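Biologist: Hi! Could you walk me through this one? I'd like to know how you use your terms as we go.

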Amino acid sequence: MPAIFPKRAVRYVVPMLIVAASSAWCALPARAADSGASYPNKPISLIVSYPAGGSVDVAARILQEPLRRALGQPIVIENKGGAGGTIGTRYVASAAPDGYTLLITLSSHTINPAIYDSLPFDTQKDFASVSMVASAPQVLVAHPSFPASTLPQAIEYIKTQKEVPYGSAGTGSPSHIAGELLRLKTGLPLMHVPYRGGGPATVDVVGGQIPLLWVSLPSVTGHIKEGRLKALAVSTAKRTPVLPDVPSVAETVPGFNVDSWYAMFAPAGTPPAVVAKVQSAVAAAARDKAVQEAFIAQGAVAVGGTPAELDQVVKTEIPMWKSLAREASISVK
């Protein structure tokens, strides 16, 4: 039988075969990583885009232990707050896309592209959606002396006034977005009064300095239940189980919906199998009764949605908030 290779070719062919085999062997770990089989094998950093003690930080800490159990590695929470969530968001955008640096942030993720002149990242191109974590409405509250106890009554009263101020947690915040959306949809003479956070704004409405306030529900749940504030409506399309007797704005103003959600993202390019593992862990946490109760105590509802569902929220909200920002002249320099 003739030789497969001439003898003089063997000295060239054999080294080539060894190199090819070595290359294939070296490629195996990369393929394993891409498949998610070896992920995770070290602690995971969960970047919170807001300061410690805030609602996003609380959401991260509610998830911390359930995620550790599901993924088998410590979840290290790092707070990188500032600039409306953009500092922590930028940090994750430039991180390695390996699943070991994740972002948990607010719906400011889709509001910021509408109100900032420029951002050091592209909200859609620089991130891989992992999962919606929880949904938390803004709530329109009034001082007890305000001459209306429902949203329809408030609308009729405000129509008769030259101007009625409402407070928010700050320019470009979800509470500001909710207030301006209500103003534009109803044509009411509402005047925005921005505060440096929901806390100072709540103090002023409880004290009677301003009659109305849009604010995140967790900030005022206690005041509402104890009668120091009247809840007129929540901003989400449906009522919240936290205050089931309080109607949604949409019941009076069709199409109104401002959802102050919490969501998790990874850097763009993170392997889909790795994203799927993290999403599965978030979804399992969202089904856990203790997690659900912890979120309800914060005025939120656990979600645990898919990457595709979160992608759709981002794609829908960015142009919607850009349109609102133009119409209401909302911008942050």
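Modeller: Happy to. Buried means under 20% relative accessible area, exposed over 50%, and partly exposed in between, with a 1.4 Å probe and protein chains only. Helices (H or I, at least four residues) and strands (E, at least two) are DSSP runs, numbered from the N terminus. This is a predicted model: local features need pLDDT of at least 70, side-chain atom pairs count only at pLDDT 80 or more, and totals for chains, interfaces and linings use all residues. Residues are numbered from 1 along each chain as its sequence is written, and side-chain values use heavy atoms, leaving out hydrogens and water.

Biologist: Thanks! Which residues are buried in helix α8?

Modeller: In α8, residues 217–225, the buried ones are Leu217, Val220, Thr221 and Ile224. They sit on the same side of α8, because they cover an arc of only 140° around the axis, taking the directions from the helix axis to the C-beta atoms.

Biologist: And what covers the buried residues of α8?

Modeller: The cover includes β5 (138–142), α7 (198–206), β8 (212–216) and β9 (230–234); contact means heavy atoms within 4.5 Å. Just after α8, Gly227 has a positive phi of about 85°.

Biologist: Switching topic: in what order do the six strands of the open sheet come?

Modeller: The order is β2-β1-β3-β10-β4-β11, with mixed pairing. Two strands pair if DSSP finds at least two bridges between them. At the edges are β2 (75–79) and β11 (301–302), each pairing on one side only.

Biologist: How many bridges join β1 to β2?

Modeller: Five, and the two strands run parallel; β1 spans residues 44–48. One of the bridges pairs Ser45 with Val76 in β2.

Biologist: Which strands does helix α3 lie across?

Modeller: Helix α3 (residues 86–93) lies across β1, β3 (101–106), β4 (127–135) and β10 (262–267), at about 150° to β3. Axes are lines fitted to C-alpha atoms, for helices over the stretch in contact, and angles run from 0 to 180 degrees between N-to-C directions. Helix α11 (residues 307–328) also packs on the sheet, touching β4 and β10, and its direction makes about 90° with that of β4.
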